[in-house]
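Take a moment with the sequence and the model below. Then walk through the fold step by step.

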Amino acid sequence: MTRPATGEDGDHVTFCRICTAVCGLIATVENGKVVRARPDPDNPSSQGHACV
């Protein structure tokens with residue numbers, strides 16, 4: 001996966017900071033806004049899962 005620069009449209013690898021599980025996420029950005037967030041299957045800790 002090619003990683004876009006901060007603020008660019010595309011899929012950004014990130015993580016949730018709400019709890020101590022810090023689930024890996026992929027955030028899709030379109031027109032400068034996050035339009036989708038989904039679990040990251042390549043994250044070694046959360047392995048494609050995310051909390052509710």
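What share of the 52 residues in the protein do buried residues make up? Buried residues make up 25% of them. Keep in mind that this is a predicted model.

Start with the overall form. The protein has 52 residues and a radius of gyration of 11 Å. A compact globule with that number of residues would have a value near 10 Å, so the protein agrees with it. Along its principal axes, the C-alpha trace spans about 30 × 20 × 15 Å.

The protein holds three strands and zero helices. Along the sequence the pattern reads β-β-β. The three strands form an open sheet, in the order E1-E2-E3, with antiparallel pairing. The edges are strand E1 (10-15) and strand E3 (33-39), and each of them pairs on one side only. On average, neighbouring strands of this sheet are turned by 30° against each other, direction ignored. What holds strands side by side? Strands of a sheet pair through backbone hydrogen bonds, either parallel or antiparallel.

Now follow the pairings. E1 and E2 are joined antiparallel by six bridges. Ile 26 stands opposite Arg 38 in E3. Glu 30 stands opposite Lys 33 in E3. The hairpin of E2 and E3 has two residues between the strands. In this hairpin, Asn 31 takes a positive phi near 55°.

Why is E2 described as largely enclosed by the rest of the structure? Six of its seven residues are buried, so the strand is largely enclosed.

Step back to the segment before E1, where Gly 7 is found. Is Gly 7 buried or exposed? Gly 7 has a relative accessible area of 58%, so this residue is exposed. Gly 7 and Val 29 are 22 residues apart along the chain. Their C-alpha atoms are separated by 8.0 Å.

Then go to the segment after E3, where you will find Asn 43. Asn 43 has a relative accessible area of 16%, so this residue is buried. Its side chain reaches the backbone nitrogen of Ser 46 at 2.8 Å.

Finish with the cysteines. A disulfide is a covalent bond between the sulfur atoms of two cysteines. How many disulfides does a search of the whole structure find? The search finds zero. Take Cys 16 as a case. The closest cysteine sulfur to that of Cys 16 is in Cys 19, 6.0 Å away, and therefore too far for a bond. Cys 19 is in no disulfide either. For Cys 19, the nearest cysteine sulfur is that of Cys 51, 4.1 Å away. A disulfide needs two cysteine sulfur atoms within 2.5 Å. How open are these residues to the outside? Cys 16 has a relative accessible area of 24%, so Cys 16 is partly exposed. Cys 19 also counts as partly exposed, at 37% relative accessibility.

Terms used:
Residues numbered from 1 in each chain as written. Predicted model: local features only at pLDDT ≥ 70, side-chain atom pairs only at ≥ 80, totals over all residues. Heavy atoms only, no water. Pairing = 2+ DSSP bridges. Helix = DSSP H or I, 4+ residues; strand = E, 2+ residues; numbered from the N terminus. Axes fitted to C-alpha atoms, helices over the stretch in contact; angles between N-to-C directions. Buried < 20%, exposed > 50% of the residue type's maximum accessible area, 1.4 Å probe, protein only. Polar contact = N/O pair within 3.5 Å; in protein donor to acceptor, adjacent residues only side chain to side chain. Rg over C-alpha atoms; globule rule 2.2 N^0.38 Å.
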